[in-house]
Amino acid sequence: MKSQTLSLCCCLALLSGIAANTVSNNQTDCPQMCPAIYQPVCGSDGFNLKEFASACNLQASNCRRERNALTTFALTDMAWCRSQEVEDIHKLLNVKLDVPSCLKPCAMIYKPICVTNGKYRGLVPNECTFETFNCALNFAGVAPTELLRILKAETC
């Protein structure tokens, strides 16, 4: 009798451990309703960018995606969702880099940086060029909030 009770306890402990490590398919585990407060967040699943109305909406979406064995969204910088990716940010911003006070020798090493000004995002060849861009933009009278900032120290 003791061995049967011990076996039953071991089986129950094993089953509870397995149940605790699996993805639930119970609808009540995912947020059903999120507060109607607009506090947008940006998420990325590695391929796609998506803006959510709130962190709660992101969590609810991830819960449903996880149940369907889809990649979940990771919280990321809002500039990823709100900026448009462009091929040549230099031409688009029409930056004149020949400002004497901004010119400095930059190594010809291509180590791309993904940058944004909040509206557009694109690549600059390296950190030295990034600094030259911002100096030239600053000289042209661009507002400090519209200067380029680094999103990622590699390609977008």
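Predicted model: local features only at pLDDT ≥ 70, side-chain atom pairs only at ≥ 80, totals over all residues.
Let me begin with the disulfides. A disulfide is a covalent bond between the sulfur atoms of two cysteines, and here the term is applied to a pair of cysteine sulfur atoms within 2.5 Å. By this rule the count comes to five disulfides, and I will go through some of them.

In the pair I opened with, cysteine 106 is joined to cysteine 128 at an S to S distance of 1.9 Å. Cysteine 106 sits in the loop between H4 and S5, whereas cysteine 128 belongs to helix H5, so that the pair links distant parts of the chain, 22 residues apart. When I name helices and strands, I mean DSSP runs numbered from the N terminus, with helices (H or I) of at least four residues and strands (E) of at least two. As for burial, buried means under 20% relative accessible area, exposed means over 50%, and partly exposed is in between, using a 1.4 Å probe and protein chains only. Cysteine 128, at 18% relative accessibility, counts as buried, while cysteine 106 is partly exposed at 26%.

A disulfide is also formed by cysteine 102 and cysteine 135, with their sulfur atoms 2.0 Å apart, and this link is left-handed, with -75° about the S-S bond. Because cysteine 102 lies in the loop between helix H4 (89–93) and strand S5 (113–116) and cysteine 135 lies in helix H5 (residues 127–139), the pair ties together parts that are 33 residues apart in sequence. Cysteine 102 is buried, with a relative accessible area of 5%, and cysteine 135 is partly exposed at 27%.

Threonine 132 is worth a look here, since this residue is found in helix H5 and is buried, at 8% relative accessibility. Not counting residues up to four places away in sequence, threonine 132 touches Leu97, Cys102, Lys104 and Cys106, where contact means heavy atoms within 4.5 Å.

Turning to cysteine 114 and cysteine 156, we find a disulfide with an S to S distance of 1.9 Å, and the torsion about the S-S bond is about 105°, so this disulfide is right-handed. Cysteine 114 lies in strand S5 and cysteine 156 in the segment after strand S7 (149–152), so the pair ties together parts that are 42 residues apart in sequence. Cysteine 114 is buried, with a relative accessible area of 0%, whereas cysteine 156 is partly exposed at 28%.

That brings us to the sheet, which is open, has four strands in the order S4-S6-S5-S7, and shows mixed pairing. S4 and S7 stand at the edges with a single partner strand each, so one side of each is left without a neighbour in the sheet. Strands are called paired if DSSP finds at least two bridges between them. Strand S4 (residues 84–85) and S6 run parallel and are joined by two bridges, with glutamine 84 having tyrosine 120 as its bridge partner in S6. S5 and S6, by contrast, run antiparallel and are joined by four bridges, and isoleucine 113 has valine 124 as its partner in S6. In the hairpin of S5 and S6, with three residues between the strands, glycine 118 takes a positive phi near 100°. Strand S6 (residues 120–124) is mostly covered, with four of its five residues buried.

Finally, the interior. A nonpolar core here is a set of buried Ala, Val, Leu, Ile, Met, Phe, Trp, Tyr and Cys residues joined through side-chain atoms within 4.5 Å. The largest such core has 14 residues, and those with the most contacts inside it are Ile89, Val95, Val115, Val124, Phe130, Phe133 and Leu148. S5, S6 and H5 each supply at least two residues of this core, and H5 gives the most, with four residues. Apart from this core lies another, of six residues, among them Ala79, Trp80, Cys114 and Leu151.

Key. Residues numbered from 1 in each chain as written. Heavy atoms only, no water.
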